[in-house]
Amino acid sequence: MQGVEVRRSADRFLTVAPARPDADAGWAETRHSFSFGEHYDPEDVGFGPLVALNDETVRAGQAYPDHVHRDTEIVSWVVAGTLRHADSGGHLGQAGVGTVQRLSAGSGVTHTEGATDGADVRFLQAWVRPDEAGTAPSYALGTVDPQALAAGWVAVASGEPGAVVDLLSRGTTLWVTRTGDDEVRALPVARRALLMVVGGSAELDGVGSLDQGDAVRVTGRVPLVLRGRGACEVLVWTFAS
C-alpha cells in the first residue's frame with residue numbers, strides 16, 4: 001500500500017548489555033527501531049522528529065549507569081514492572097504499568113534508570129527532537145486510566161494541549177490504546193504516523209497481521225483501521241512534519 005511501510009519485530013537490531021561486576025551479561029536488552037550506537041544504517045536514522053524508539057527490558061534490581069542527554073525529549077511508556085528514575089535535577093520517579101514518563105533533557109541532564117528489586121521492567125522509550133535547544137531540563141510522570149485506554153486512543157504525551165504529559169515538540173503526539181478481541185480502532189491520521197504493537201496481535205487493513213513488536217510507518221495522511229485479535233495494546237506516534 002502506498003505510503004505504508006511494515007517493519008517486523010524480528011528485523012529490529014538487538015543490543016544485549018555485557019557482564020559487569022554486579023550482573024551477568026544480558027542484564028538489559030534493547031530492540032532498536034532505528035539506527036542506534038553500533039547499529040548504524042544511514043537509510044534509517046529516524047522518522048520525522050523521532051530519532052529513537054527502543055523496546056527495553058532491564059532485569060530486576062539492575063539499572064543503566066549515570067549518563068548525559070541534551071536537547072532530547074525522552075518519553076517512556078511502561079509495559080511491565082516498575083521503572084525507577086533519578087536525575088541531576090533532583091527528580092526521583094517510579095513509573096508502573098500504564099504510566100508515561102517524560103524527561104526533557106534541554107541544556108543537559110545526567111540520569112539513571114532501571115528496574116526496582118521486585119521484577120524486570122519492560123518499557124518503550126522514544127527520543128524526540130525538541131523545537132528549541134538549550135531549554136531548562138524538566139521531568140514529568142503521568143498515569144493513564146485503564147478504562148480510558150480500553151475506550152479508545154489516549155494522548156499520553158504531546159506538544160499539543162490536553163495530553164497526560166507535555167512535550168516540547170509541537171505537532172507531535174504519542175497515542176496509546178488497548179483493544180479486546182475484534183474491537184476496532186481508526187488510527188489517528190497525520191502527515192506522518194508510526195504504529196507499534198506493544199503486546200498481543202492485531203489486523204491492519206491493507207497490511208494484514210501484526211504481532212508484538214511489529215511496526216508500521218505511514219506517510220501522507222493514509223486512513224487505516226486496526227482490529228484487535230484478542231487483547232492487544234498499540235501505540236501510535238503522530239507528527240505534523
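**Salt bridges across the chain**

Modeller: Happy to! Arg59 and Asp120 form a salt bridge, with their closest N and O atoms 3.3 Å apart; the term means a side-chain nitrogen of Lys or Arg within 4 Å of a carboxyl oxygen of Asp or Glu. This pair links distant parts of the chain, with Arg59 in the loop between β4 and β5 (63-69) and Asp120 in the loop between β10 (109-115) and β11, 61 residues apart. Strands here are DSSP runs (E) of at least two residues, numbered from the N terminus.

A word on the source: this is a predicted model, where local features need pLDDT of at least 70 and side-chain atom pairs count only at pLDDT 80 or more, while totals for chains, interfaces and linings use all residues. Residues are numbered from 1 along each chain as its sequence is written, and side-chain values use heavy atoms, leaving out hydrogens and water.

Arg59 is partly exposed at 28% relative accessible area, and Asp120 is partly exposed at 35% (buried is under 20%, exposed over 50%, partly exposed in between, with a 1.4 Å probe and protein chains only).

Next comes Asp211, which forms a salt bridge with Arg229, the closest N and O atoms being 3.2 Å apart. Asp211 lies in strand β18 (residues 208-211) and Arg229 in strand β20 (residues 225-239), 18 residues apart.

Arg12 also forms a salt bridge, with Asp55, at 3.4 Å between the closest N and O atoms. Both Arg12 and Asp55 are buried.

How values were computed:
Helices (H or I, at least four residues) and strands (E, at least two) are DSSP runs, numbered from the N terminus.
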